[in-house]
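Biologist: I would like a close look at one part of this model. Please take me through its salt bridges.

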Amino acid sequence: MPCREQTQAVYPFRDFNMKVFITIAFAAAAAATDLLIPLYQFPANNGQVWSPIEQALTDNPNLNAKIIINPNNGPGNGIDDPQYVAGTQALGSHPNAQMVGYVHTSTDFGQTRCNVPYSQIEADIRTWSTWVSRGIPIQGIFIDEAPTNTANNCVEYMRNLTDLIRNDPDILFPQRLVIFNPGGTGTLQPYYDLNPTYIVSLETCFVVPERAGGEYDQCDPAFPNWERYDHDGYGSSIDNVLFPNIGQVNAPRTAVLVHGFHDTNGPSANLQATEEVLRNMIRNVVQRRIGATFFNTAGYHQFSDGPASIQVVARLLSEANAGSL
Ligand SMILES: *[C@@H]1O[C@H](CO)[C@@H](O)[C@H](O)[C@H]1NC(C)=O
């Protein structure tokens with residue numbers, strides 16, 4: 001299978017003792033996989049509800065976390081909400097956390113991309129920049145409902161947004177991070193060519209049955225093409241679905257997000273959602289040099305419930321990055 005050959009070609013060290021030295025030498029540089037946390041949870045109790053995330057950052061100082069802040073499908077009036085201010089100030093005080101502000105490009109829930117008027121999405125980005133002048137270190141922008149093809153003049157729209165975030169003298173994000181979320185594969189090379197920090201080119205589900213009372217966490221039967229993560233074995237979703245689409249060369253600028261990690265991923269691998277399975281999945285993501293990843297038990301609205309609690313996911317990713325698994 002071509003995918004397998006590609007994988008071996010890029011990891012020629014894996015069967016040699018050399019691997020140990022190489023892993024250590026580059027562990028702090030390009031090889032590490034970051035966390036990318038879609039923090040779609042209201043910071044209740046003056047941000048206290050986000051304390052499990054803070055704890056995970058403290059416990060894993062070598063792990064970098066990009067954290068998506070989203071008060072109201074964009075900045076909304078979050079900067080005037082004391083709970084958002086407290087929560088983001090607390091997160092921002094962690095040197096290994098980089099917050100990015102949420103915006104989106106679609107007026108019809110993703111059916112048409114890049115149809116939010118440019119002036120409007122630009123205004124949202126400038127609003128995010130005001131958070132920086134008010135003491136909240138927003139480091140860049142997460143653009144949701146990013147295009148999966150070149151329709152609707154999207155390449156120019158995304159180029160302009162990337163330019164704005166990266167180069168506008170009035171934009172204050174210290175790191176000027178740019179993350180696109182097309183939410184799936186497609187014609188993405190024109191967007192990789194804009195050199196964003198990451199593109200979320202695989203955002204999918206693990207589980208077949210929705211958890212009782214679940215919230216957007218299963219492989220929705222309305223979307224039969226959703227990839228049940230690693231249903232053909234560890235690494236299979238990346239090797240068989242992601243890489244043939246985006247090209248393995250783009251792995252370091254790619255994020256892989258998986259929600260609904262509970263119960264089982266069904267045939268043919270029929271993996272059970274245990275910590276051991278999670279460890280193997282995360283290790284396989286890191287081995288493929290994916291730039292950022294996240295696994296969540298449900299649908300990104302709570303972070304303490306297992307098996308994929310933030311504590312466990314951060315620890316396993318940190319260990320995988322250190323080559324200690
Ligand atoms: C992108 O920016 C150029 C130059 O400012 C402008 O002419 C063009 O209309 C913009 N395109 C979009 C889609 O916003």
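Which residue forms a salt bridge with Arg288, and how far apart are the closest N and O atoms?

Modeller: Bear in mind that this is a predicted model. The partner of Arg288 is Asp239, and their closest N and O atoms are 2.8 Å apart.

Now the surroundings. Arg288 has a relative accessible area of 7%, so this side of the pair is buried. Asp239 is buried too, at 11%. Both values fall under the 20% cut-off for buried.

The whole structure holds eight salt bridges. Another of them joins Arg315 to Glu275, at 3.2 Å from N to O. This pair also links distant parts of the chain: Arg315 is in helix H10 (residues 310-321), Glu275 is in helix H9, and they are 40 residues apart. Here the accessibility reads otherwise. Arg315 is partly exposed at 29%, and Glu275 is partly exposed at 30%.

Stay with helix H9 for one more pair. Arg279 forms a salt bridge with Glu276, the closest N and O atoms being 2.7 Å apart. The two are three residues apart in the helix, so about one helical turn separates them. Glu276 has 43% relative accessibility and counts as partly exposed.

These last two pairs belong together. Glu275, Glu276, Arg279 and Arg315 are linked in a network of salt bridges.

Conventions: Residues are numbered from 1 along each chain as its sequence is written. This is a predicted model: local features need pLDDT of at least 70, side-chain atom pairs count only at pLDDT 80 or more; totals for chains, interfaces and linings use all residues. Side-chain values use heavy atoms; hydrogens and water are left out. A salt bridge is a side-chain nitrogen of Lys or Arg within 4 Å of a carboxyl oxygen of Asp or Glu. Buried means under 20% relative accessible area, exposed over 50%, partly exposed in between (1.4 Å probe, protein chains only). Helices (H or I, at least four residues) and strands (E, at least two) are DSSP runs, numbered from the N terminus.
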